[in-house]
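I opened the model to look up some strand pairing and helix packing. My notes follow.

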Amino acid sequence: MMASKYVASSGWRSECEYSWWFRNQPSCSKSNSAFVTFRLCSGQSSDVEGGKVAATNNHGRKFHKDLTSLPKPLTVADLSVTPNDSSKVRISFKGILGSFSEDAALKAYPNCETVPCDEFEDAFKAVELWLAEKAVLPIENSSGGSIHRNYDLLLRHRLHIVGEVQLPINLCLLALPGVRMEQLKRVLSHPQALALSDVFLSKLAVPRENLDDAARAAQYVASNGLRDAAVVASSRAGEVYGLNVLAEKIQDDSENITRFLVLARDPIIPRTDKPFKTSIVFTLEEGPGVLFKALAVFALRDINLTKIESRPQRKRPLRVVDDSNTGAAKYFDYLFYIDFEASMAEPRAQNALGHLQEFATFLRVLGCYPMDTTL
């Protein structure tokens, strides 16, 4: 009965999944259903026609400079069924080839087949619809802070966090071959990339233009042959789209890191033989010291918290409480996201969540996964 109650409130689909956290035993067998996939040639080469020039990516493979041959980002309307060749892990991400999200996917799975998507939600749906086996999405940056959209999507969808990737962000100024710095009249990139390199760009003293993706800006400059424009993006984006590096490491903070989450349809089995991290989301009743009590369940067991984030509940943005002599008071109603350093295979983590369950009105384990300790 206690397990059933915890399963219902934690968002698990079955007690079979829940038992992973408490018995460290394999759970339900994985489905052998065929993957729903689509043809995407990320990192693959083919014969070049018409004398097109090719560039080399970080794996030594050739990319055409005929940019129309590059795969287009996936949208939910692009569903098609093809056999699963089981040759590579398919990883969905928001953006196009050469984006930092793709770099994170390649760091986690060097031999993966990347699946570019138009939007963050498309990356979630690609996994849910078996177009990909995993998704890699940014969750926070050491300079720019949290990416709130993806926190909301974690709650909306039923994917599990199975890993994390910490990726150093090195921004470069890119332009077409032969273009010099003094010829530039504008710089294009994602708004955050432009903001992170503000000092360098202020000295350059040219107008800045926002695009929704740094790699897409590189593609735009290359495909349109813009010789008066430069791009702030990764060096690999320059390799993919045939742009030269005019300046490297132009970000304001030399140690700029983005943390990505790896998501999958099924959770992994928690272990205790290496460092694990657990991510949860919960809600609390309004009252004095309630959040303090929630955090104390971890402190009492020497569990270190690495992240706490609050997000308003969209379906219930305000809570009305009659707690004063003058009438009802209105409060914002929040969801609390917490990451802590402990595996759900450890009794202290199990006991902490059992304690939290006593006064949390909602609790869901988003995932228990190995920590990324490399940069």
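Entry 1. I looked up Val 187 and found that its bridge partner in E10 is Arg 208. The model is a predicted one, and I read the entries below with that in mind.

Entry 2. I then took the two strands as a whole. E10 and strand E9, residues 186-189, pair in the parallel sense, with 3 bridges.

Entry 3. Next I asked which sheet holds this pair. I found an open sheet of 5 strands, ordered E10-E9-E11-E8-E12. The pairing in this sheet is mixed. Strand E10 (208-210) and strand E12 (244-247) are the edge strands, and each of them pairs on one side only. From one strand to the next I noted an average twist of 35°.

Entry 4. I checked what lies across the sheet strands. Helix H8, residues 214-224, lies across E9 and strand E11 (229-233). H8 runs at about 155° to E11.

Entry 5. I moved on to a helix pair. Helix H10 (residues 290-299) packs with helix H11 (residues 347-357) at an angle of about 160°, and their axes are 9 Å apart. An angle over 145 degrees counts as roughly antiparallel, so I logged H10 and H11 as roughly antiparallel to each other. The crossing in which H10 passes H11 is right-handed.

Entry 6. Which residues meet where H10 and H11 are in contact? From H10 I listed Ala 294, Val 297 and Phe 298; in H11 they meet Ala 352, Leu 353, His 355 and Leu 356. Sorted by class, the contact of H10 with H11 has 6 nonpolar residues, 1 polar residue and no charged residues.

Notes
Residues are numbered from 1 along each chain as its sequence is written. This is a predicted model: local features need pLDDT of at least 70, side-chain atom pairs count only at pLDDT 80 or more; totals for chains, interfaces and linings use all residues. Side-chain values use heavy atoms; hydrogens and water are left out. Axes are lines fitted to C-alpha atoms, for helices over the stretch in contact, and angles run from 0 to 180 degrees between N-to-C directions. Helices (H or I, at least four residues) and strands (E, at least two) are DSSP runs, numbered from the N terminus. Angles under 35 degrees count as roughly parallel, over 145 as roughly antiparallel, 65 to 115 as roughly perpendicular and the rest as oblique. A crossing is left-handed if the near helix is turned anticlockwise from the far one by less than a right angle, and right-handed if clockwise. Contact means heavy atoms within 4.5 Å. Ala, Val, Leu, Ile, Met, Phe, Trp, Tyr, Cys and Pro count as nonpolar, Asp, Glu, Lys and Arg as charged, and the others, Gly among them, as polar. Two strands pair if DSSP finds at least two bridges between them.
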